[in-house]
Amino acid sequence: MARQATIARSTTVAGLGLHTGRITTLRFVPAAENTGVRFVRVDMPGRPSIPAHVSSVVDTQRSTTLGRGVAVVQTVEHILAAVQCLGLDNLEIEVNAPETPLTDGSSSQFVEALKEAGREEQDAEQEYVTLKSPVAVEQNGMTLCALPAEEFRISYTMAYSHPVIGTQFKDMAVRRETFEEEIGRARTFALYSELEQLLKAGLIKGGSLDNAIVITDQAILTKDGLRYPDEFVRHKMIDLIGDLSLIGRRLRAHVVSIRSGHALNVKLARAICETCGIG
């Protein structure tokens with residue numbers, strides 16, 4: 001069995017929050033074995049702590065938001081995907097705002113910061129979830145299931161009626177090296193037709209071509225071109241990895257997704273916890 005791990009030293013990432021447009025600072029701090037991953041709102045009285053667990057999910061519209069009481073942290077999925085795929089089990093993530101830095105819209109800056117912080121192995125063994133039978137959820141024509149397997153693997157199909165996006169498919173085993181090389185740099189994206197509504201709602205004040213890909217009816221708008229030919233489906237895989245990390249243990253399963261988003265990802269995480277008796 002592999003052993004649990006944390007980072008060797010603290011490290012900081014700062015950047016614009018997507019919705020407030022304000023600079024947000026996030027600090028990764030080593031944690032003792034069996035602590036798990038948790039967010040700490042250092043800007044609030046008492047520094048409330050929010051476990052990175054499916055029981056903490058309070059919203060899944062356009063991102064995954066965790067909360068306990070009045071304390072919330074929005075857009076945690078890109079961070080948690082990096083933590084998961086770098087093999088880190090115990091970590092405090094201090095944040096001084098209700099949302100995390102979006103950075104460039106991918107997981108890459110979080111990956112680099114955590115790598116620079118170093119990895120420290122601990123004495124306790126990592127905890128795994130191994131399925132004995134399939135676990136499946138569905139909603140509004142979307143399907144997501146986890147099949148028994150010896151490793152964590154994702155097969156993801158995204159299908160948009162939008163002429164520029166269309167249908168994309170990606171299948172791969174999720175390991176540190178594959179995440180860094182093939183998934184982690186994929187950026188979030190938005191349809192141009194959705195932006196006006198979001199702005200009117202007081203959202204995405206920090207959104208720009210520096211941290212997202214914008215898609216019009218005829219073109220893809222990005223400052224430096226696509227990082228992968230199928231960057232959209234790869235980013236969806238980042239979201240799925242981050243959301244499923246909320247199970248709180250390492251998953252050994254073949255996850256097959258047909259058009260799933262945050263709400264369905266979290267629904268599957270809850271179903272796996274219920275099926276496997278994880279509190």
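Predicted model: local features only at pLDDT ≥ 70, side-chain atom pairs only at ≥ 80, totals over all residues.
Not counting residues up to four places away in sequence, F28 touches I7, S10, T11, V13, I79, V83, L91, E92, I93, F110 and L114. F28 is also, with F39 and V255, one of the residues with the most contacts inside the largest nonpolar core, which has 74 residues. Such a core joins buried Ala, Val, Leu, Ile, Met, Phe, Trp, Tyr and Cys residues through side-chain atoms within 4.5 Å, where buried means under 20% relative accessible area with a 1.4 Å probe, protein chains only. Residues are numbered from 1 along each chain as its sequence is written. Local features need pLDDT of at least 70, side-chain atom pairs count only at pLDDT 80 or more, totals for chains, interfaces and linings use all residues, and side-chain values use heavy atoms, without hydrogens and water.

Turning to open space, the largest pocket has a volume of about 1000 Å³. A pocket is an open set of points on a 1 Å grid where a 1.4 Å probe fits, with protein on both sides within 12 Å along at least five of seven lines; lining residues have an atom within 4 Å of a point. The volume is the space filled by probe spheres set on the points, joined across faces, edges and corners. Its lining comprises 42 residues, with R62, Y160, F189, E194 and K236 nearest the centre.

The second largest pocket has a volume of about 530 Å³. Its 24 lining residues include G36, V37, D89, G248 and R249, the closest to its centre.

Note on methods: Buried < 20%, exposed > 50% of the residue type's maximum accessible area, 1.4 Å probe, protein only. Contact = heavy atoms within 4.5 Å.
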